[in-house]
Amino acid sequence: MIAAPRHFAALAGRLRWDPAAIDLRADALAWPALSLERRARLTVLLAGFRVAESSVAEELAPFGPAADDRDTAAAFAAQHADEKRHAALFDRVAAEVLGLPGEGPQERRAAARAVTPAALLELFERRLPAAAAALATGRTDLAEAVGLYHMLLEGIVLGSGQRALLDDLADGALPGVRAGVELVERDERWHVGFGLRCLRDLEPDPTRVTTLLAEGEAAAAAWGDAVPVHVRARAEAMHRRRLVAVGLTRAAAGSRA
Amino acid sequence: MADTQLWICELCGYVYDPAEGDADGGVKSGVRFQDIPDDWSCPVCGAAKDDFSPQDDIAL
C-alpha cells in the first residue's frame, strides 16, 4: 500500500530546499587533491547527473496534464519543481567543482555529455524525450511513461548513482556535494513512491509489468563501472520488491531483498 | 484483538499494513510493525524501520 497522491504534494512542500545555498567552496578546493582514479569515477557520476537531471526536469512537463485527477497533477507539479532544483545543483557542481568548460548551463551540459556513459545518454537523451513526446501527443499512456521515468530512471539509474556517490563521499572529501546529493536522494524517494502509486492506480497490463521487470537489469548497468556491482544488484532487487509491494507482481518464494 | 495500526515511511509514502505484511521482505501477514526484525527495510525506498511512524489519518 502506498499513500495517495495528495500526500506527496504536501510532503514536497515540507522538503523544499535551495540549491544555491549549498556551499561548494571546500569541494572546489579539495577536488584537485583527489586521486586521478577517484576524480575520473566521480566525474562520470557527477557529469552523468548533470545530464540526467536536466533531462528529467525538461521531460516531466507532459505528465501532469496526462493525469486524470487534480491531486496527481499537483504531485507531478511538485516533482517538477524538485527536478529543476536538482538540475540547478548539478550544474553548479559541474561548474564550481568539476570545472567543466562552458559559459552557461547548455555548454556545460554539452561538456558533461562528453564524459557520460553511452547507455545513460540513450536512456535520458533519447528514450525519455521520445516517451515524453509520445505522452504529450497521446501516442503512449501515463503508465508507460511512469514506468520508464519513475521506476527505471529514477528508481534504478538515479538511485544507484546516488548510492554510489554517497558511499564514495562518505569520508567527507566533498562535503557540499555530499550534502546536496543527500537532499536529492531524499526527494527521489518520494518521487519513486509517488510513481509507484500512480502505476498501481493505472493498472498496467501484466505483460507491461513483466517488461518493466526485465528492463531492470539493463537500467542498473547504465552507469558502467562507475557504480559498483553490489550497488547495481541492490537497485535491481529493489525494483522488483517495489512492484511486489503494490501487488503488480508476485514475491519470489523465500525472497528477501 | 489484532493490531491494525498502519505505519508510513516518512520518506517515500509506503504504508505497512499488518494485514498484508511484506512477503518479499520476509514478513508474513498478521505481523505487527513492532515485531518486524530491526534489519527490515522499506520495500519501496530501502529506508530503515526507524523512518516509519504510526499514522491514523493517512491519505490512501
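This tour moves through selected aromatic contacts and two further stops in a predicted model.

Begin with the aromatic rings. Over all chains, a search of the whole structure returns 15 aromatic pairs. Select A:F8 and A:F194, whose rings form a tilted pair with 5.8 Å centre to centre and 50 degrees between the planes. A:F8 belongs to helix α1 (residues 5-15) of chain A and A:F194 to helix α9 (residues 175-202) of chain A, so this contact ties together parts that are 186 residues apart in sequence. Both A:F8 and A:F194 are buried.

Next, select A:F63 and A:Y149. Their rings form an edge-to-face pair, at 5.1 Å centre to centre and with 65 degrees between the planes. Here too distant parts of the chain are linked: A:F63 is in helix α4 (residues 63-66) of chain A, A:Y149 is in helix α8 (residues 142-168) of chain A, and the two are 86 residues apart. A:F63 is buried, as is A:Y149.

Move to chain B and select B:K49 with B:F33. The charged end of B:K49 sits over the ring of B:F33, 5.4 Å from the ring centre.

Is A:A26 buried, partly exposed or exposed? A:A26 is partly exposed, because its relative accessible area is 42%, which falls between the cut-offs of 20% and 50%.

Definitions and conventions
Residues numbered from 1 in each chain as written. Chains lettered and ligands numbered in written order. Predicted model: local features only at pLDDT ≥ 70, side-chain atom pairs only at ≥ 80, totals over all residues. Heavy atoms only, no water. Buried < 20%, exposed > 50% of the residue type's maximum accessible area, 1.4 Å probe, protein only. Phe/Tyr/Trp six-rings, centres within 6.5 Å; stacked < 30°, edge-to-face > 60°. Helix = DSSP H or I, 4+ residues; strand = E, 2+ residues; numbered from the N terminus. Lys NZ or Arg CZ within 6 Å of the ring centre and 35° of its normal.
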